Amino acid sequence: MSTQKTWTEVDDYFNSQLVPEKDAMNEVLKSNSEAGLPSIDVSAAQGKMLHVLAKIKGAKRILEVGTLGGYSSIWLASALPKDGRLITLEASEKHAQAARRNIENAGLKEKVEILLGPANKTFPSLAEKETDPFDFVFIDADKRNNPSYIKWAIDLSARGACIVVDNVVRNGEVVVKDSQDPDIEGIRDMFDILSNEPRIDSTAIQTVGSKGYDGFLLAVVK
């Protein structure tokens, strides 16, 4: 029978075979832990998946919602070409400070811009300032605001852009229709929006791994 122990062992095997920068990225996680950040980063395998998806897309302009300590930011930014750029939105100054250190240590300071403040307050100014649309978006922040985040992501994206939203299964709680959890409500409201949004084509995948049972949404802007 599959268990959390098995899922973690399989992730560890995949990482040992396919994630050559695991040691360097572990330093980022160690730095985040020492800074007192919560251990809610994507897993190494998930970070590598984001890296690969960004490369498949040939992404040059990436938008990230939810920086935390910059772990996923580094995975994404390292997939960019020399002239590529990643803008990441973070509400917490503490998290942003840790991310700045990690991104600079990774040699990616010139490619990454951290915008501090609640994303819903940052989006309008971002829309005014950024004239070129994004071709890859990763959303991994407070789930209760996912409905707003997905709308902004679509508005700010180019045709053919890839959008990934993390943590959409929540250990299966996404199917609880009468959930009183604001994060579950936010995820379900996001799915309601997507089911009636003609500008985007999307699917969602359940996953297991070192982070437990969850899943992600994968979409393309038409």
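In this predicted model, helix α7 (146-155) packs against helix α8 (residues 182-195), their axes coming within 7 Å and crossing at roughly 35°. On the α7 side, the contact is made by N146, P147, I150, K151 and I154, while α8 brings G186, I187, D189, M190, I193 and L194.

- Take a look at K143, which is found in the loop between β4 (134-139) and α7.
- Is K143 buried or exposed? K143 counts as buried because its relative accessible area is 5%, and the cut-off for buried is under 20%.
- Leaving aside residues up to four places away in sequence, K143 touches D166, N167, R170, D183, G186 and I187.
- Two of these partners, G186 and I187, also belong to the α8 side of the helix contact.

**The sheet**
- Seven strands form an open sheet with mixed pairing, in the order β3-β2-β1-β4-β5-β7-β6.
- At the edges are β3 (112-116) and β6 (200-209), each pairing on one side only.
- On average, neighbouring strands of this sheet are turned by 15° against each other, direction ignored.
- β4 and β5 (residues 157-166) run parallel and are joined by five bridges.
- If you want to find a bridge partner in the structure, F134 has S157 of β5.

**A helix across the sheet**
- Which strands does helix α3 (residues 44-57) lie across? They are β1 (61-65), β4, β5, β6 and β7 (212-221).
- Relative to β4, helix α3 runs at about 165°.

Notes
Residues are numbered from 1 along each chain as its sequence is written. This is a predicted model: local features need pLDDT of at least 70, side-chain atom pairs count only at pLDDT 80 or more; totals for chains, interfaces and linings use all residues. Side-chain values use heavy atoms; hydrogens and water are left out. Helices (H or I, at least four residues) and strands (E, at least two) are DSSP runs, numbered from the N terminus. Buried means under 20% relative accessible area, exposed over 50%, partly exposed in between (1.4 Å probe, protein chains only). Contact means heavy atoms within 4.5 Å. Axes are lines fitted to C-alpha atoms, for helices over the stretch in contact, and angles run from 0 to 180 degrees between N-to-C directions. Two strands pair if DSSP finds at least two bridges between them.
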